[in-house]
Amino acid sequence: MDFNALYHANFKLLDDAVTDWSTLVKHLGDLKKDAEDDLHKAALKADWAGVNAQVSREFVGKTAGEFGDAHTQATTIHNILSDTQGELKSYHQQLKDAVSRGEKKNLTVVDAGDGKFTVTGSTRPDGNSDPSGNKSATNQKDVDDLRDEIQGILSKATESDNSAKTVLMTLVDQAKMGFSDASYANRDDAADAVKEADELAKLAKKNPDDLSVQDFDRLNAGLKKYANDPLFAERFAHSLGPQKTLEFWTGISDPNRGNYEVGHKRLDQLDDLQRNLGLTLAHATQSDSTDMTEWKRQMIDLGDKPLYGDRGGPMGFQVMSNLMRTGDYDDQFLKDYGTKLMATERKMTGNGEHGNPFWQHLGGSAWLNRIGDDSGNDPLTGYLKGLSNSPDAATDFFNEQYISKDDPDNPFERDTDGNGKKGKVSLSNFQYLFEERDWPQESNLHGDDIVTGQNNLALALEAATTGHPAGEMPTADTPPHNAGQAKLVEDIFHSVSEKPDRLTGHGYMSDSMGQIAAEYMPDIHRGLHAGDVRETTLFPVAGTAADLDERDISRFLYSVGQNPEGYAAVNLGQHSYTTQLMQHHFAHPTAYVEDASFSQADNLKQGADHIARTAGEIEGLIGAGRAYQGELDGGAKDAEYNAAIESAGSWGGTAIGIGIGMATEPMTGPGGAIIGDVAGTAAEEIIGKITEGAMRDSSGEIIYRNGESFQDTSDSTYKMVELAAQKAGQNTGHRYPMIEGSVATSAQDGFDTSGRLVHQYLDGEGIPRQLDTED
């Protein structure tokens, strides 16, 4: 900021800009409210079908979100301009005041050009009066003091102007299209974030062996504080650069390979640093700036190369994948990263014919992971955890082809048509990882085998099929299932059906598999329901329905039911869906069928009986699997099943979130399930009491208590559908005693049918005599 520009500054244009931005913020605030309250909520309540269900609802939601981001960005820009306006006006006045005070001391300030200025006195150096007769004394100290004061004002004005320019340009560069959601109350907060990013990046660029404990603490605290700050994240990642990022984490993560002091004094904080660094980098990748686009390209390029070139070291993929365990990375970056990662996997395993010795942790291998027990040497372990936080990227990754049947080096042959002859088959990434991969073996410090990679695979599949991060529940904003998600669910069910031990032999995957089944209840009900006539109105599905056949459903649910967490997820999801669906049909008696030859009650009874029958089939299938495992274990796992259901409250102990979603009025929600206000519904009552470990009806009978007989499981199902019909009648103001009396019989038919399905598709396995009863 030069002297002349600040002294003669005209702030009208800046004032007008601040006023215009203030007006824009107000208008965008109104548009944001309209977009959310009218556009978005109306879209969520609409009965979308076909392409609209897959595209329009999601498009409307994203568009409404853009109004919110536009309002946020405009507010931030206004705040920065307003702060800068106030400061520059203040410095302008300070400069004028300083010059005025100098004039009273016979000091003259002159613009010297090129942003410079001079301060001179009006009296002669010998102290004699000037030609005007003025005898006031001026000395060099007065000159120097005024010069320093003015220079200080100009320096602060320059800093204010430059910092505003920096943060505004960085903010605008965040998104090539649309708007950034970066929000700052003032310019100083944004400027501080950028400054801290530069300083922390400088620290991280040091040789990791030379970092002090104080350096470590400052890095860890700074990354924790600013991990979710978009300007900080991008500035830090870009300043550090891909290569230095990898070198930093490799050098600091293994105390046995370099920095002894940090490694041993801060060993218990390495996991925090890994989380904070991962969150920061994830946020940085969301930026569309030219710098971050190049950063992402370079990081992928480093993936298959030794970190230290000719000196070896871990591959870039091995390091970076461990930093993906936390945060939501940019989808396109994850897709491009995964494509090259799998290409490297093919190259190092002979297209999957054998294991990958390079990613097996050995005695001399670096320890690259500090979150959990695994060493982090297998990059797919960390990458899959990253996918579990990024549903869209996960869906695309698993559906991507791993190898084509036409590839001459394809090692995979299968009998696909049952003629006894094997032929080459194409495999997707899902099929390779779930069915064929030879996962590197690892053990914890106690010598026990650990399976973090396969468990992260299950989490990533949960995200890929449900459309939300693994471990979370769907909300009313969760988009309906799309074609890619539905296809993946079909592949999962078929794969488990083909070889159940792909799941039963890896029971730790069952919690995610159970959650997937819970969120695909409409699709499962369709697959088990006989016939197609008016099936779409009986079990409505928004978006793309997964085409699941009876055999695959039966074998999948039976397998999931053998695990406590899997059983609990399906059990609760089924109850929630069935009870809410029952209430929907009671509220809309002709939604399923309207036949003038029959009364409204008769029409409704047909739908209610079909719902109850299918509910009985599902409960029978998971109950048979649970009973079979109980007999194998001699009842030893009864406590685990009880604990799984009781603890289910931690991930959705009411009807809200049990694989169905939530809303304020009846509508089609996530996954195509009919959902509504759960308050006072049978779903609220049943789910709430099931998660307490025991549900009692009005007569005090125990309804669900795992560890009792298989017959009690069926009896509990009958009581559940009876209560669902009763509650639905109460809530809709019209009870139907005939329906309340018939649904239990229909559920019994379904439960009996499940026994036939087990005989038919599992050779009779698991039809129990009786579970061990509780003491």
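1. Both Tyr-402 and Tyr-432 are buried (buried means under 20% relative accessible area, exposed over 50%, partly exposed in between, with a 1.4 Å probe and protein chains only). Please keep in mind that this is a predicted model, where local features need pLDDT of at least 70, side-chain atom pairs count only at pLDDT 80 or more, and totals for chains, interfaces and linings use all residues. Residues are numbered from 1 along each chain as its sequence is written, and side-chain values use heavy atoms, with hydrogens and water left out.

2. On to the ring pairs. Rings of Phe, Tyr and Trp (its six-membered ring) pair if their centres lie within 6.5 Å; planes under 30 degrees apart count as stacked, over 60 as edge-to-face and the rest as tilted. The count by this rule is 16 aromatic pairs. One of them is the stacked pair of Phe-232 and Phe-236, at 5.8 Å centre to centre with 10° between the planes.

3. Phe-232 and Phe-236 sit four residues apart, about one turn, in helix 7 (residues 230-240); helices (H or I, at least four residues) and strands (E, at least two) are DSSP runs, numbered from the N terminus. Phe-232 and Phe-236 are both buried.

4. Back to the tyrosines: the ring centres of Tyr-402 and Tyr-432 are 3.9 Å apart and the planes are at 5°, so this pair is stacked. Because Tyr-402 belongs to strand 3 (residues 401-403) and Tyr-432 to helix 16 (residues 429-436), the pair ties together parts that are 30 residues apart in sequence.

5. Arg-346 lies over the face of Tyr-402, 5.4 Å from the ring centre (the rule asks for NZ of Lys or CZ of Arg within 6 Å of the ring centre and within 35 degrees of the ring normal).
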